[in-house]
Amino acid sequence: MSEPRTGVFICNCGTNIANVIDVEAVRAFALTVPGVTVARTYRYVCSKPGQEMIIKDIKEHALDRVVVAACSPRMHEKTFRKACQAAGLNPYMLEMANIREQCAWPHVDGLAATEKALALTSAAIFRVRQQEPLEGLTAEMCPTTLVLGGGIAGMTAALELADGGHPVVLVEKAERLGGNLARVDLTAPYLDSARDLITERITRVQGSSKIKLMLRSQLKSLTGFVGNFDAEIVTDGGGEATARLGNVIVATGYKEFDAARVTHFGYGKLPNVITSFELEKMLTAGRIETREDRKPQYVAIIHCVGSRSAEFHGYCSRVCCMTAIKYAQEIKSAVPSCHVLDIYIDMNAFGKGQEDFYKRGSEAKTMFLMFGKNDYPFIRKADAKDDCDMLLVMDEQLSGKRIEIPADLVVLMVGMEARADSGEVAHLVNISRDKDGWFIESHPKLDPVATTTDGIYIAGCCAAPKDIPDSVAQARAAAARIMGRIAKGKIEIEAVYAEVDEDFCSGCRMCNELCPYSAIEYDEEKKRSHVISAVCKACGACVAACPSGAIKARHFTDKQIFAEIEGVLA
Amino acid sequence: MTFEPKIVGFLCNWCSYTGADLAGTSRIHYAPNVSVIRVMCSARIDPTFVLKALADGADGVLICGCHPGDCHYTEGNYKMMRRFPLLKKLLADYGIENDRVRLEWVSASEGQRFADVVNDMTERVRALGPSPVKMDLATDMAER
Amino acid sequence: MTATVRVNPKLISELQSYGAEDVQNCYHCGNCSAACPYSSEPFILPRMSTRLLQMGLEESLRGNLEPWLCYYCGQCSDQCPRDAEPGATMMSLRRWLTGRYDFTGIARRFYRSWKIELAALIIVALLTGAGLLAYGFLWGGGNLSVFDTGGGQSAFLPAGAIHVVDWVLGLMFITVVLVNMARMWHFTMHAEDIPRASAGAYLRHALLFPLHFFTQKRWAKCDNNMPWLTHLPLMLGYLTMLVLIMFFLEPFQDGPAIDWKLHTLGYLATAGLLVGVWYAVRGRLKKNVPMYRHSHSTDWVFVLLLLAIVATGVLLHVLHRLGFGAAANLTYVAHMMVVVPWMMRFPFSKWSHMMYRPLAMYFAAIQTEALASQSPQLQGGAEDELAPVAEAA
Amino acid sequence: MRVGVFVGEYLKETGRNLEAIAGYARNLPDVEHVRLLAFRQLLDPAALANELREEKLERVVLAGDSPGYFKPAFTQALADAGKDAREVHLASFREHGAGSPDSLERAKAVIACAVRAVPFSLVAVPKPAVVKHATLVIGAGIAGIQAALEIADAGKKVFLVEREPTIGGHMAMFDKTFPTLDCAACILTPKMVAVSDHEMIELITNADVQEVRGTPGAYRVTVARRARRVDPETCTACNSCTDVCPVSVWSEFDSKLSHRKAIYIPFPQAVPTAYVVDPVACTYVQSDGQKCGVCVKKCPLGCIHLDEKDDTVDIEVGNIVIATGYELFDARKIECYGYGKLPNVLTSLEFERMTNASGPTGGKIVLKTRKLNKRIKVEEFVADPEGPSPKSVAIIHCVGSRDPKYNPYCSRVCCMYSLKFAHLVREKLPQATCHEFYIDMRAYGKGYEEFMERIKAEGTRVVRGRTAEVSEVDGQMVLKGEDMLRNRLVEFPVDMVVLAVGLVPSPGNQDLERQLGVPRDSDGWFSELDYNGDPTYTERGGVFVAGMCQGPKDIPDTVAQGSAVAAGVLRSISSGYGGGDLSNLSLSEIETRARDLQAKLSPAGGGQ
């Protein structure tokens with residue numbers, strides 16, 4: 001093989017990298033490595049001028065390999081591969097050295113960091129020398145989409161796709177559609193009817209010819225890859241169905257926090273301590289009463305139950321504050337004689353019309369009392385002489401007083417938490433979860449509905465707590481993505497997958513069982529195994545396991561990794 | 001001056017590498033001694049990688065994968081887990097101290113944990129001093 | 001941490017009748033207290049009073065001096081982002097406190113319903129009028145003359161006699177006020193979480209009472225000094241008049257000749273009163289400054305009665321000096337029909353703030369000292385804010 | 001079933017003709033009782049229960065701008081009267097495109113549906129229409145970019161119109177983004193590049209929408225293009241022109257912290273990557289070609305055409321996406337913070353530029369210092385990279401937000417970006433103290449709460465209490481506020497004050513409102529069709545809203561909306577339904593549809 005012509009491009013990333021790492025030194029070093037033709041530094045290599053610089057150099061210096069020392073490949077590998085392609089270079093002739101996330105940012109000592117940057121860069125240069133041009137495959141995109149969850153997010157996504165003319169399979173675990181929203185009557189901050197909203201969506205879903213609705217069902221297995229998934233769906237009472245799918249939208253929603261876990265609220269023990277959803281029932285039925293069928297004179301509403309707490313969930317559940325304000329006003333108008341006391345930490349009235357809504361809560365003479373984070377009030381039964389059923393004791397933050405709050409009814413604003421089965425679902429569709437169990441998006445900001453697994457999208461509260469408008473927006477965003485891909489018809493599959501060199505394969509079939517995606521088939525005649533490249537997800541388990549070293553992981557060959565090791569330690 | 005060990009890290013793309021990136025984006029500071037090589041899954045890590053690294057002068061090797069049960073490829077990390085004891089045995093025969101090669105589980109959200117693992121490992125390896133067995137290992141590798 | 005106190009959602013509605021209509025709107029941004037020229041630790045007003053009221057902590061409110069430290073300059077109301085009218089809240093709290101201090105409970109009735117107050121005033125006025133006329137006709141032998149017009153022929157109500165009446169009345173109401181002031185002292189200086197002050201402290205600050213009583217100099221802290229400058233002549237004129245009548249009635253009843261030594265004083269006082277009343281009425285009509293935006297019925301009674309007193313007084317004086325004896329005498333009756341209700345109203349109304357305010361300033365100084373010695377951190381003001389915060393591990 | 005209709009307004013008195021609406025309701029089938037409610041009337045459920053009994057009503061319909069406010073009382077009343085409490089139905093005008101007082105017909109239609117317990121949105125389905133495949137996206141901030149890319153990726157033509165000479169909007173000015181702190185440029189610029197490279201996107205920068213004609217599905221739009229005076233195709237951003245340009249003015253992109261020339265590029269990664277001439281500053285343009293013009297001579301590629309004239313482009317589109325974003329609240333309006341008078345009182349955006357690595361100070365946080373501007377011979381305060389760094393920084397939240405005197409609403413992002421600022425201060429100036437003055441800490445998003453905890457742990461003092469005043473006492477800035485959680489008044493010297501200024505609708509919206517017939521709410525943000533159900537649709541068919549122009553939002557929510565509108569657009573193209581447009585649907589048609597649907601649905605509405 002002729003001496004490679006490698007171009008090395010080092011990114012200052014503004015000052016993100018250049019402040020810690022001596023980029024010029026890296027550049028100088030790169031030029032000393034055999035096979036490096038050009039080496040440059042630039043402020044933002046990912047910017048348009050940066051990419052154009054790469055393209056120009058590839059053409060001018062007839063580069064056949066490119067190394068970009070910049071941020072994490074998870075951030076910009078695609079970007080630079082595109083650039084190479086634009087210059088007529090095979091995208092797999094690119095290698096990135098992660099000198100930002102794993103060097104400039106976590107290290108303070110400039111010298112040591114530069115040292116490490118040199119190692120990482122040389123590793124990349126060594127590796128890229130061993131890389132080969134690879135071609136991806138194209139596959140059909142099946143227009144059918146599987147939507148998991150029949151809540152507001154799921155139904156909206158399904159309808160959006162169906163109205164766009166694409167078939168949808170909507171799978172719902174429960175025996176009816178609507179999800180958690182079906183338990184709500186009015187919505188904050190405009191007190192619109194959630195019932196109407198849900199009724200509309202349900203009726204349209206049921207009426208849509210494009211939507212195959214499967215109630216009391218759940219996904220059993222999902223195999224294949226984007227555009228060509230195969231799903232097994234089981235229905236209670238032994239029904240089983242399979243479906244060919246192009247994409248999947250996970251909209252499994254949330255589960256309410258179990259109030260009983262906060263022991264000192266005595267939920268489940270004190271009869272008149274109820275959850276927000278139980279109050280919602282009372283309001284819908286028009287009977288706001290204590291267990292003893294008395295109209296309450298004092299109702300205390302406690303925010304952040306299970307949320308914003310060191311003990312339970314660290315995060316804010318986003319919708320409870322406004323829901324609490326809603327309750328305060330609803331109770332006041334249903335039982336005018338009643339006094340409402342609202343016990344909160346910070347009032348989250350950030351959305352459209354919400355600050356106004358909060359003010360109306362004040363005008364309704366709600367008594368707002370502030371408690372400190374992780375300093376929950378505790379509840380005790382009142383004495384006979386008191387004119388109330390219970391007494392809440394807390395340290396009020398805005399007055400600095402330790403106070404006692406009369407209450408006949410205590411409403412716990414239970415937060416949202418990931419569903420118990422979210423782990424299971426994550427496994428089935430092969431996406432990851434964060435420490436709280438919410439599904440992780442492929443990028444928290446610029447790609448909030450896609451996931452790290454191609455063809456799997458998330459929408460609504462299964463990704464994190466959200467209010468209705470934001471869930472609906474996400475559902476439509478996911479639908480848009482899928483419509484876009486369906487419109488394209490074909491899909492490119494990454495060229496990274498495993499290959500069996502049949503000359504070396506002993507036909508021991510060890511790999512066949514090993515592959516989690518059963519992507520390796522055994523050919524009875526040839527007595528050899530081979531990989532179904534489209535199904536292979538390139539984990540490389542088989543490669544490491546093959547006793548005769550017959551399996552090769554494209555783009556992660558032993559050669560390449562050895563070279564990388566040499567590079568690091570050179 | 002104190003001895004600065006060179007450690008090679010093999011990280012799986014989905015959990016550990018992401019976790020390492022997270023440590024960076026959250027500006028969690030840790031020792032610069034570990035240089036990372038990305039593989040798709042910990043299951044891909046062939047024992048020879050480790051031997052090669054040690055042979056080429058690494059003072060230690062760190063292997064990170066998703067927590068058991070969290071593997072992006074459902075059970076790749078179990079494969080690594082099973083493979084590891086064997087590897088350790090082999091290394092012991094080569095007279096390589098236990099602390100030089102290490103397997104850890106780091107998830108995508110555990111930037112802090114990754115930093116802690118790196119710092120701890122660096123300390124231990126620094127305590128052990130330079131790797132003794134570069135040469136003879138190299139010869140073995142040549143035969144292979 | 002002090003003892004546990006019970007919140008009371010009902011109080012806020014009660015205070016509405018005292019004029020606190022918007023207090024529930026406050027969401028505690030803290031702007032008002034920071035903007036308030038009278039706010040200084042440990043008295044952070046008006047937010048804290050607003051808070052106590054929202055929570056209905058009656059005990060704490062009753063022992064709270066802050067409302068008296070506020071002169072309603074309105075800077076808080078101007079800056080309030082939620083139209084909670086902190087200034088109006090403080091005003092209404094002063095009314096409420098006046099009601100609390102008053103042991104007879106009459107003040108509370110007056111504040112709660114203007115009808116009751118008006119009725120009471122009219123009855124007293126009529127009784128006074130009827131009394132005087134009756135006396136004049138029955139015992140005075142149809143002679144209504146009040147003024148010692150000299151020439152030996154003496155009036156049926158010589159100054160001496162009147163003195164007896166106004167002294168008795170005066171003393172009656174002074175005692176009521178004194179009792180109320182004692183109650184105020186008890187509520188504020190013996191509230192729990194207020195350290196007991198030493199007799200020494202009381203002595204050290206004793207001069208504050210007369211100082212603030214005569215000057216209200218604290219009011220000058222406000223950016224706009226107009227309210228203070230117009231209030232000063234009002235109350236000085238008022239005091240002078242009171243003194244003149246209580247102790248130097250004779251020369252006034254003499255006449256028609258003018259006794260310049262005294263009358264000049266009288267004229268000055270009258271002028272002062274007129275200026276003050278004029279501004280008060282004008283302001284309440286124009287509502288251009290926050291202070292006048294939310295007038296309570298009792299405020300109107302206050303200024304209108306005062307206006308009537310001044311008017312009848314002036315008229316009576318003119319008639320008397322010009323020698324229209326009969327007319328003067330009738331006006332005198334009218335004058336008394338305003339004065340007596342006015343005097344009677346003294347302990348149960350805004351009137352009494354002339355005692356409560358300076359008293360509050362006095363107590364405040366004592367409390368500040370006591371609290372400071374109790375918790376030294378208070379003296380430092382807010383310096384500790386500046387200390388760089390320790391880096392977390 | 002005997003139905004009672006109650007008509008009344010709650011949110012605001014619009015003066016709409018309630019009588020007429022009530023009159024219409026009287027003639028609807030089953031309606032036995034109609035009553036007008038006073039504005040925000042306080043209702044006594046007990047009295048209502050009697051009324052319901054006397055009138056023997058089994059169903060109540062509440063009509064008004066937000067009738068939900070009256071509902072709990074009626075639900076209670078129905079229950080007390082021993083009827084099915086679920087039989088209260090809402091006819092919300094605001095929710096169903098009858099928000100404006102003169103849309104009487106729509107209001108009637110909404111009632112007609114409610115009386116039959118049929119959701120209006122189920123009845124009011126637009127008729128099919130021919131929808132042109134091209135789409136106009138107005139505004140190329142992150143929302144517009146996202147929408148454009150989604151639509152274009154689906155192979156549909158997009159015209160992306162941007163007022164500024166570069167795309168990227170506000171996000172391009174930011175340094176880091178909360179809560180992950182990854183740099184805005186790193187995640188935004190690739191998308192900008194993608195836009196400029198995309199064969200289905202036609203980028204029209206430096207331009208405004210002048211006129212919109214036509215109907216949903218077929219709009220004819222005239223776009224006015226301001227002359228760029230530099231040919232973006234040939235310009236290579238070589239910088240020679242800027243070097244020689246004699247005129248220097250404040251740079252808008254650096255929010256006036258630094259100067260730029262009359263011919264300039266807003267920032268290095270600008271897209272299109274081409275220079276632009278500021279006609280107001282350019283000597284040549286101002287002197288009608290009499291003076292200067294050196295840049296033309298210097299340009300190696302001859303791509304500068306100083307005589308280029310403004311022109312217009314006519315385009316035909318099926319759908320229009322409004323993504324015009326926001327502007328910053330003008331902090332001068334709040335005098336007590338001294339912005340504009342005190343040099344080191346900065347707005348959030350100014351601070352954002354200052355901390356930005358590619359900003360005027362190269363990412364250094366410095367105090368402004370006096371410098372003589374040689375050109376105009378006056379001393380002005382400039383942020384000099386060599387300038388002294390502050391020892392104490394105070395960040396004031398809610399500047400111009402949550403206050404009816406300025407903007408009644410919460411601007412939604414300030415709390416978090418303020419915390420981000422605090423982090424940057426602690427990171428870049430470990431010795432400096434940093435205080436945050438807030439009212440409510442609104443850390444509602446994914447990872448936000450954790451972020452806040454971290455900032456606190458880093459040593460930033462978080463003080464609950466809105467600052468009242470920033471003043472200068474002999475050369476030293478002093479800040480006055482209350483620390484209410486510690487029940488203290490705080491008054492202390494600070495070197496730098498950062499105002500977390502709120503967000504206001506961009507000024508161009510008024511004109512767009514007129515052009516597109518899309519109503520805006522009382523705060524000036526565009527009104528969505530239905531707050532819950534259709535947050536990205538508008539009353540006008542084929543016109544969508546995305547991102548901030550509909551109300552303050554953080555980046556993830558903005559991006560989600562950007563993609564969401566794409567769904568609406570693509571759907572309308574493939575299905576031929578001009579999204580959400582009901583203009584061609586008559587009242588009688590709606591009545592008939594409602595009747596047909598009534599049969600299908602269960603009495604309680606089938607919700608559960």
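**Note on the predicted model**

1. D:Ala129 is found in the loop between α5 (120-123) and β5 (135-138) of chain D; helices (H or I, at least four residues) and strands (E, at least two) are DSSP runs, numbered from the N terminus. D:Ala129 is partly exposed because 18 other C-beta atoms lie within 10 Å (20 or more would be buried, 12 or fewer exposed, with C-beta atoms placed from the backbone). Its C-alpha atom is separated by 9.1 Å from that of D:Ser575, 446 residues apart along the chain.

2. This is a predicted model, in which local features need pLDDT of at least 70 and side-chain atom pairs count only at pLDDT 80 or more, while totals for chains, interfaces and linings use all residues. Residues are numbered from 1 along each chain as its sequence is written, and chains are lettered from A and ligands numbered from 1 in the order in which they are written.

3. In chain C, helices α17 (residues 297-322) and α18 (residues 325-345) pack with axes 9 Å apart, at an angle of about 155° (axes are lines fitted to C-alpha atoms over the stretch in contact, and angles run from 0 to 180 degrees between N-to-C directions). The two helices are therefore roughly antiparallel, the term for angles over 145 degrees.

4. Residues meeting across this pair include C:Leu305 and C:Leu316 in α17(C), and C:Ala328 and C:Trp342 in α18(C); contact requires C-beta atoms, placed from the backbone, within 7 Å.

5. Between chains A and B, the contact takes 42 residues from chain A and 39 residues from chain B. On the chain A side, α15(A) gives the largest share, eight residues.

Definitions and conventions. Contact = placed C-beta atoms within 7 Å. Parallel < 35°, antiparallel > 145°, perpendicular 65-115°, else oblique.
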